[in-house]
Amino acid sequence: MKALGVKMNVITVVKYKVKDGFEQNFIDAINAYDYSNSLSMRMISLSDNEYMSIMEYEEIDKTSADEVSGVNWLDTVEHMLVFFGESRTESCSGIVVADYN
């Protein structure tokens, strides 16, 4: 476990809701994305065609680099998504303050 004040990684979490019939196409599109700026990516399946991707980065600058390509990628899958109000996703990012391996 690392203490506060020690350089920690950044986690970005993005939630998607996929239209019926597009589940496999969406998973294929997620897997085709270039995650080379991140340390890791995992996607979990939630209930009701919702998915959540969790990416870990070494530094905030690398999340910014992925922001532009991520928005461009979202343009290509928008037709597969159910919007959250006016947004295609629900997302948040934060600094890791504790971890366990």
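This is a predicted model: local features need pLDDT of at least 70, side-chain atom pairs count only at pLDDT 80 or more; totals for chains, interfaces and linings use all residues.
Residues are numbered from 1 along each chain as its sequence is written, and side-chain values use heavy atoms, with hydrogens and water left out.

So what does Val-13 touch, leaving aside its neighbours within four places in sequence? With contact meaning heavy atoms within 4.5 Å, the list is Met-52, Ser-53, Ile-54, Glu-90, Ser-91 and Cys-92. Asn-37, on the other hand, is 24 residues from Val-13 along the chain, and their C-alpha atoms are separated by 15 Å.

S1 covers residues 10–17 and runs antiparallel to S3, residues 50–57, with eight bridges joining them. Lys-15, for example, has Met-52 as its bridge partner in S3. For pairing, DSSP has to find at least two bridges between two strands.

The protein has two helices and four strands, and from the N terminus on the order is β-α-β-β-α-β. In the sheet, which is open and antiparallel, the four strands are arranged S2-S3-S1-S4. S2 (40–45) and S4 (90–95) are the edge strands, each pairing on one side only. On average, neighbouring strands are turned by 15 degrees against each other, direction ignored.

And the helices? H1, residues 23–32, lies across S1, S2 and S3 and runs at about 170 degrees to S2. H2, residues 60–77, packs on the sheet and touches S1 and S3, its direction making about 15 degrees with that of S1. For those angles, axes are lines fitted to C-alpha atoms, for helices over the stretch in contact, and values run from 0 to 180 degrees between N-to-C directions.

Finally, the whole chain. Among contacts with a separation of 6 or more, 72% join residues 24 or more positions apart. The C-alpha atoms fill a box of roughly 45 × 25 × 25 Å along the principal axes. Of the 101 residues, 34% count as buried, that is, under 20% relative accessible area with a 1.4 Å probe, protein chains only.

Thanks, everyone!

Conventions: Buried means under 20% relative accessible area, exposed over 50%, partly exposed in between (1.4 Å probe, protein chains only).
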